[in-house]
Amino acid sequence: MIKSDLIEYVRTMIRSDYAANESVGARLDAEGWDGFPRFLAALFFVAVDRRFGETADRAGVIKFVAELRAQYEGGPEIRADDAESLILATIDPSLDYTVSPEMIGRIQAATVQKIFTEEGLADPALDALLSEAADLASRD
């Protein structure tokens with residue numbers, strides 16, 4: 001089961017509510033981030049599927065990653081080739097990638113924030129999406 005604070009952390013990230021995000025992050029720092037990597041990976045899968053489906057082309061992914069990197073300029077480094085490889089491997093599981101766990105987390109978080117923020121989801125739709133990802137992350 002994914003902790004409600006993990007879901008709230010992502011919700012505040014997507015809504016760009018930085019004060020609330022820091023507050024939830026501080027609670028998670030004290031209580032533990034157990035389950036976050038799985039939840040983030042599930043969110044990343046859902047986000048990539050919503051944005052690209054199963055038929056995205058390499059050029060579309062390259063354009064997306066360029067926009068992503070420009071948007072987060074000044075923040076943690078996101079390597080273009082790593083982001084492209086990770087997204088393409090999510091679209092086509094037959095593709096392989098070699099990306100450090102730290103870079104995977106950066107790419108996943110930035111991608112999730114960009115895609116879901118741009119969608120401008122109403123609260124009920126965002127809640128359903130976060131619930132779907134939490135269910136995915138809770139599976140064995």
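## Threonine 12

Threonine 12 lies in helix 1 of this predicted model. The residue is buried, and its relative accessible area is 4%, where buried means under 20%. Apart from neighbours within four places in sequence, threonine 12 has contacts with Asp17, Ala20 and Asn21.

## Helix 1 against helix 2

Two packed helices are described by the angle between their axes and the distance between the axes. For helix 1 (residues 4–14) and helix 2 (residues 18–31), the axes come within 9 Å and cross at roughly 155 degrees. Angles over 145 degrees count as roughly antiparallel, so helix 1 is roughly antiparallel to helix 2. The crossing of these two helices is left-handed.

Helix 1 contributes Asp5, Leu6, Glu8, Tyr9, Thr12 and Met13 to the contact, while helix 2 contributes Ala20, Asn21, Val24, Gly25, Arg27, Leu28 and Glu31. By type, the residues of this contact divide into six nonpolar, three polar and four charged.

## Helix 3

Helix 3 covers residues 36–52 and has 17 residues. From its first C-alpha to its last, helix 3 reaches 24 Å, close to the 24 Å expected at 1.5 Å a residue. Just after helix 3, glycine 53 adopts a positive phi of about 65 degrees.

The buried residues of helix 3 are Phe36, Phe39, Leu40, Ala42, Leu43, Phe44, Val46, Ala47, Val48 and Phe52. Packing against these buried residues are helix 1, helix 4 (58–71), helix 5 (80–91), helix 6 (101–119) and helix 7 (123–138).

Definitions and conventions: Residues numbered from 1 in each chain as written. Predicted model: local features only at pLDDT ≥ 70, side-chain atom pairs only at ≥ 80, totals over all residues. Heavy atoms only, no water. Axes fitted to C-alpha atoms, helices over the stretch in contact; angles between N-to-C directions. Helix = DSSP H or I, 4+ residues; strand = E, 2+ residues; numbered from the N terminus. Parallel < 35°, antiparallel > 145°, perpendicular 65-115°, else oblique. Left-handed = near helix turned anticlockwise from the far one by under 90°. Contact = heavy atoms within 4.5 Å. Nonpolar A, V, L, I, M, F, W, Y, C, P; charged D, E, K, R; others polar. Expected span 1.5 Å × (residues − 1). Buried < 20%, exposed > 50% of the residue type's maximum accessible area, 1.4 Å probe, protein only.
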